[in-house]
Amino acid sequence: MSALEYSPYAADCPSRQLLDRIGDRWSVLTIGSLAGGPLRYSALASRVQGVSQKMLTQTLRALERDGLVTRTVYPEIPPHVEYELTERGRSLRAVLEPLEDWATTHMADVQDSRDAFDAR
């Protein structure tokens, strides 16, 4: 199937699953955390504050399945595992970074709008 054959507006299109993955907050934050280079699981968990161990593990597995992250196991005692963005993952980060910047730039205005709405 070519790129032209995928339409997220079609109910049965698999691109909807991909949009769900890349629009998920934990995916966005995990990809952003890996933008600076490979990280061990514990370092990644520290950067993505608030994510549970189960959710981070599920997110990393899903990102690996989609070819956005690689998992490298180093044969040491104890085992040393690192996660890193693939080329595809880095290209997605280039798209997500402006979204993250937009969110942080406009958060104060959005909060003002929420407060005004809630006060009605």
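Biologist: Which residues line the largest pocket?

Modeller: In this predicted model, the lining consists of Pro14, Gln17, Leu18, Asp20, Arg21, Ala62, Arg65 and Asp66. The space in the largest pocket is about 220 Å³.

Biologist: What makes a residue such as Arg65 part of the lining of the largest pocket?

Modeller: Lining residues have an atom within 4 Å of a pocket point, and Arg65 is listed in the lining, so Arg65 meets that cut-off. Helix H1 (15-23) and helix H4 (53-65) each give at least two residues to the lining, with the largest share, 4 residues, coming from H1. By class, the lining holds 3 nonpolar, 1 polar and 4 charged residues.

Biologist: How do you know that E2 and E3 pair?

Modeller: Pairing needs at least two bridges between the strands. E2 and strand E3 (residues 80-85) have 6 bridges, in the antiparallel sense, so they count as a pair. One of the bridges joins Thr72 to Glu82 in E3.

Biologist: Why are E1 and E2 said to stand at the edges?

Modeller: The open sheet has 3 strands in the order E1-E3-E2. Strand E1 (39-40) and strand E2 (69-74) each have a single partner strand, so one side of each lacks a neighbour in the sheet.

Conventions: Residues numbered from 1 in each chain as written. Predicted model: local features only at pLDDT ≥ 70, side-chain atom pairs only at ≥ 80, totals over all residues. Heavy atoms only, no water. 1 Å grid on protein atoms, 1.4 Å probe; cavity = no way out; pocket = protein on both sides within 12 Å on 5 of 7 lines; lining within 4 Å. Points joined across faces, edges and corners; volume = space filled by probe spheres on them. Nonpolar A, V, L, I, M, F, W, Y, C, P; charged D, E, K, R; others polar.
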